[in-house]
Amino acid sequence: MRYSVGKTKKSKSNYLVQGTILVIASFLARFIGLVYRIPLTNILGDEGNAYYSTANEIYSILLMISSFSLPLAVSKLVSERLHMGQVKNAHKVFRCSIKFACLAGGIISVLTFACAGLITKYLMSYELAVYALRVLSPAIFIFAIAGAFRGYFQGHETMVPTATSQVIEQIVNAVITVIGAGIMMNYGIQLGKEQSNSSLGPAFGAAGGTFGTVVSVTVALVFLVFIYISYRRNLVRLSRRDTTKRLESDKAIYRALLLTIIPVVLSTVVYNIGSVLDQGVFNKVLAGQGYTAKQYGTIWGIYSGKFRVLMNVPLAIASCLGPSVVPSLSADMMDRNFKGAGEKVRNSIRYTMVITIPCAVGMAALASPIMQLLFGDDRALTAGILQSGALMIVLFALSTLTTSILQGIGEMQTPLVNSGIALGLHLVVLYVLLKVFVLNIYSVVYANIIFALIICLLNAAAIRKHLRYRQEIKRTFIVPLICSGIMGLVAWGVYSLFHLFAGNAIPTFLGILAGVVVYGVLLVKLRGVTEKELLRMPKGQLMVDLLRRCRVL
């Protein structure tokens, strides 16, 4: 872990490198998550998937209320104090954040266990998800403490502990989730036969699956504690150099934490509670249209357990670049270095678009083959959701990143207001599409596109106002879109050609591979990314050498 009093030019450009490390780790973690969802889906079925996803969505919202914003708040406060050379105060922020995490996480965890039945029955209209939600409740407490550790490391502008812990967490989660789901599914089936309730099998299977989250978060916390203990000697050495005359009081730090956390919590909850509200509205409207709980649960299981899982893989980029750019942006704003802050914003947005746009186009082009490959699902509805929701991937990535950027430059209230406006319009659009146009699950997809688009527009206006900069358009949006369009046609062409005699799996892999190669070559040729930019990335020299050998550069 590096530390210096004041930031050097080199450290200021470190945010993209650290972001890339976190992106790679998060991609790996999401890929592992995607892989284990395949056997999990086969074990649980669409009904069990709906129970599992319902519990996880409620858990995610409660996590946001208790501690999800803690890493960002801690990293911001730690970074500001380290920037002023206050190592002791930075560490005091960390100690106070641990106490805060134990209190907030503990209260929400207990309340979740106690109120799980009320939440699943009356809010979600999906009562049997109660078992999975109760199993998840201890993870809220554990995750809160892990979040404080992650925020402390991120405040030192190193994403390696966070990245490594995420990968370890997903590996453990994959193993325990599948095993737990299988064991509890069998138990639930036997219990269901005794009670003449076939839904108990999927419900208990979902509960067994969520146990993997509890175990994996615990393992991740143990790893982070180990890293922190290993760093203690270096921390003591740095503290001896610290000449800070006045240590901040616990009261002042808690106040700073709350003033940072509360706006972030509220904006994060408003931003993400849409999925919970979507399901509540969707279930109630479809119930009024004559659908049974099992029918609308199955449809929602396809949307949340298949489409949303795939969508979260490219969204990892925005969720990683946000934490990596916040400490650096905070330092620039303290120095009133608006030019440097604007450059970081511009590069972060372009970096995100260069990767998420081709992911979205590729998923739309190969929607049916991908769904068949991963989930063995060749239904038109499943592929249709992925194709219709491709734009969601780009817009949600951009809205997530710009929300973090606003928080990084000190505009804590703005994302809350923007998310609130977008959520209100989103719910109106969703209800109209469901009731008037009767678009079923496509109503949820289109309403979410509107939601993310509104946030993108409002956030862009706010960033432009406070930093007085405009995003470069050609290399950020137009070039990646052109390259992605050609890539999508090539990928579909290759798949269609080999699909005539080679089934589905091999043609899908070949189509994806051809698409990646075509996109990479076109991006370099059309100057969407330059040699200088490639060299600044991890293993950049290796990439440049490879491109030169292939006569691309």
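Student: What makes Lys306 and Asp377 a salt bridge?

Tutor: This is a predicted model, so every value is computed from it. The closest N and O atoms of Lys306 and Asp377 are 2.7 Å apart. The cut-off is within 4 Å, between a side-chain nitrogen of Lys or Arg and a carboxyl oxygen of Asp or Glu. The pair therefore counts as a salt bridge.

Student: Where do Lys306 and Asp377 lie in the chain?

Tutor: Lys306 is in helix H10, and Asp377 is in the loop between H12 and H13. They are 71 residues apart, so the pair links distant parts of the chain.

Student: How do you know whether Lys306 is buried or exposed?

Tutor: Lys306 has a relative accessible area of 3%. Buried means under 20%. So Lys306 is buried. Asp377, at 5% relative accessibility, counts as buried too.

Student: What makes Asp46 and Arg379 a salt bridge?

Tutor: Their side chains meet at 2.9 Å, N to O. The cut-off is within 4 Å, so the pair qualifies.

Student: Why is this pair said to tie together parts of the chain?

Tutor: Asp46 lies in helix H2 and Arg379 in the loop between helix H12 and helix H13, so the pair ties together parts that are 333 residues apart in sequence.

Student: Why is Arg379 called partly exposed?

Tutor: Its relative accessible area is 35%. Partly exposed runs between buried, under 20%, and exposed, over 50%. Asp46 has 15%, so Asp46 is buried.

Student: Which residues do salt bridges with shared partners join into one network?

Tutor: Asp46, Lys306, Asp377 and Arg379.

Student: What makes Glu533 and Arg475 a salt bridge, and where do they lie?

Tutor: The closest N and O atoms are 2.8 Å apart. That is within 4 Å, so the name applies. Glu533 lies in helix H19 and Arg475 in helix H17, 58 residues apart in sequence. Glu533 counts as buried at 14% relative accessibility. Arg475 counts as partly exposed at 22%.

Student: How many salt bridges does a search of the whole structure find?

Tutor: The search finds 14.

Student: Now the rings. Why is the pair Phe149 and Tyr228 given its class?

Tutor: A search of the whole structure finds 15 aromatic pairs. The rings of Phe149 and Tyr228 have centres 5.7 Å apart and planes at 75 degrees. Pairing needs centres within 6.5 Å, and planes over 60 degrees apart count as edge-to-face. So this pair is edge-to-face. Phe149 is in helix H5 and Tyr228 in helix H7, 79 residues apart.

Student: How do you know whether Phe149 is buried or exposed?

Tutor: Phe149 has 8% relative accessibility. The limit for buried is under 20%, so Phe149 counts as buried. Tyr228 is at 12% and counts as buried as well.

Student: What makes the pair Phe282 and Trp300 tilted?

Tutor: Their centres are 5.5 Å apart and their planes at 45 degrees. Stacked is under 30 degrees and edge-to-face is over 60. Phe282 lies in helix H9 and Trp300 in helix H10. Both residues are buried.

Student: Which residues have the most contacts inside the largest nonpolar core?

Tutor: They are Tyr59, Phe149 and Tyr152, in a core of 76 residues. H5 gives the most to this core, with 15 residues.

How values were computed:
Residues are numbered from 1 along each chain as its sequence is written. This is a predicted model: local features need pLDDT of at least 70, side-chain atom pairs count only at pLDDT 80 or more; totals for chains, interfaces and linings use all residues. Side-chain values use heavy atoms; hydrogens and water are left out. Rings of Phe, Tyr and Trp (its six-membered ring) pair if their centres lie within 6.5 Å; planes under 30 degrees apart count as stacked, over 60 as edge-to-face and the rest as tilted. Helices (H or I, at least four residues) and strands (E, at least two) are DSSP runs, numbered from the N terminus. Buried means under 20% relative accessible area, exposed over 50%, partly exposed in between (1.4 Å probe, protein chains only). A nonpolar core is a set of buried Ala, Val, Leu, Ile, Met, Phe, Trp, Tyr and Cys residues joined through side-chain atoms within 4.5 Å.
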